[in-house]
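Subject: Structure handover

Hi,

My notes on what turned up follow below.

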Amino acid sequence: MNTHMKPGDVKYRDLANEEFDTRVLLAHAKEQALVRKYEDFLIVDVDSHHYETDAFNEIAKYISDPVMRHEALFQGMARGGITSVDGSYQELAGRITRYPNRRKEKVPPEPHRDITLMHRWMDPMGVDIAVMFPTPMLNLAVCPRVELEVALAFAYNRWLCETVLDKDPRIKSMLYLPFNDPAACLKVVEEFGDHPGCVGFMVTATHYKGVYDNAYAPVYSAMQERKLPLGFHAVFSWGDQSLRLTNRFIGVHALGFAWHNMLHLTNWVTNGMPERFPGLKTVWIESGLAWVPFLMQRLDNEYMMRPSDCPELKKKPSDYMREMFFTSQPMEMVDNRAALEVTFQMINAETQLLYSSDYPHWDMDLPSTIYDLPFLSETAKRNILGGNAQRLFNLKPVYADWKQELRGAKGGVAATA
């Protein structure tokens, strides 16, 4: 490109002037779903997102403290610019069109906008049930105002339950835990743990608290008693002391998502948490999979040399890790299928791997990412795409409308909510 070109010399298609529709964007995904006959089985997406900031004025009204509620409504919850550590890098300067255009997508007045937008990506992809997470709030754990994290956590969870989860059986969530305040975490579990749309609780992995701290024991006990899993959702943070050394987005993104879950999983295992809370299932979300075999080997090697460091453990770290659950996205689809197959074997993927799309983010994975793997049996594909999540979260199957129709035409039993 000629660096001396004038701004007016550049000619390009201005997507900002075109009407955006998620269903059109995902037309090829729907074709995939039909060809692969996704109507024959349940698909559960264990990591999908909405942008809660679009409804922030609604959420802020749920903040109990009137002073903080006024401050939240005044300030909003916006992102920084190009010089900030949380600049808008993921949308590739607008080339990922669903980022800049989603706010302008036209929807009917009912149901709530978030429900409509969720269905518009779920249906083409063949997803029947989606576990829904916030997006900007995932960085809330590094906010220096702990009381603000607590207030927003309760406000968001109440808003989500009343506005979205209560209205649609196809949308679930692992609700946000304000991990900087253990007492508040327990209150969240006690208030929301019995809500039908709550299938567990989620901790943002970018935080600086030890997961082994005894202050969290009542929280873990309450979740274990309710048979609700604990998820660690990874994010990246350019504000992290070590990750500040990366000067490219690709670096902080590649390392950040894996690093924080590696750290907390290591602490979880080496401090004997699986033995202390044997009934508490853990889910490690949005870190990909390549790091898991590395950590298994690294921890096993250390443990066999000095098991006295982990007196609570009754077996090798990798044995505990094989009982954990991992979400698939972003699955490392590099030119080394043998490595991917070994990874699936090492983590017992047929029973422990959970499909996730991470939609609408730039590095999303369609269900075909799993379905097209040649080394998986049909049973394994169906387990990973939905069966494992159905068992983990005790989900009642409910299918997308178009899948219901095709199942009925084939003489199958249509699932109902």
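Helix 18 covers residues 401-409, and its buried residues are Trp 402, Lys 403, Gln 404 and Arg 407. Keep in mind that the model is predicted. What do the buried residues of helix 18 pack against? Two elements: helix 2 (27-35) and helix 6 (113-125). Just after helix 18 comes Gly 411, with a positive phi of about 85 degrees.

Lys 410 is also worth a look. Its salt-bridge partner is Glu 39, with 2.5 Å between the closest N and O atoms. Lys 410 sits in the segment after helix 18, while Glu 39 sits in the loop between helix 2 and strand 1, so the pair ties together parts that are 371 residues apart in sequence. Are these two residues buried or exposed? Lys 410 is partly exposed, at 46% relative accessible area. Glu 39 has 4% relative accessibility and counts as buried, because the cut-off for buried is under 20%.

Next, strand 1. This strand spans residues 44-49 and is mostly covered, with six of its six residues buried. Strand 1 pairs with strand 2 (residues 129-133) in the parallel sense, over four bridges. Which residue of strand 2 is the bridge partner of His 49? It is Phe 133.

Now the other charged pairs. Side chains of opposite charge can pair when their charged atoms come close. How many salt bridges does the structure hold? The count is 16. Two more of them are set out here.

- Arg 306 and Asp 309: the closest N and O atoms are 2.7 Å apart. Arg 306 is partly exposed, at 46% relative accessibility. Asp 309 is partly exposed too, with a relative accessible area of 46%.
- Glu 378 and Arg 382: this salt bridge has an N to O distance of 3.2 Å. Both residues belong to helix 17 (residues 378-393) and lie four residues apart, about one turn of the helix. Glu 378 counts as partly exposed at 36% relative accessibility. Arg 382 is partly exposed as well, its relative accessible area being 32%.

Salt bridges with shared partners also join Glu 39, Asp 40 and Lys 410 into one network.

Best wishes

Technical notes: Residues are numbered from 1 along each chain as its sequence is written. This is a predicted model: local features need pLDDT of at least 70, side-chain atom pairs count only at pLDDT 80 or more; totals for chains, interfaces and linings use all residues. Side-chain values use heavy atoms; hydrogens and water are left out. Buried means under 20% relative accessible area, exposed over 50%, partly exposed in between (1.4 Å probe, protein chains only). Contact means heavy atoms within 4.5 Å. Two strands pair if DSSP finds at least two bridges between them. A salt bridge is a side-chain nitrogen of Lys or Arg within 4 Å of a carboxyl oxygen of Asp or Glu.
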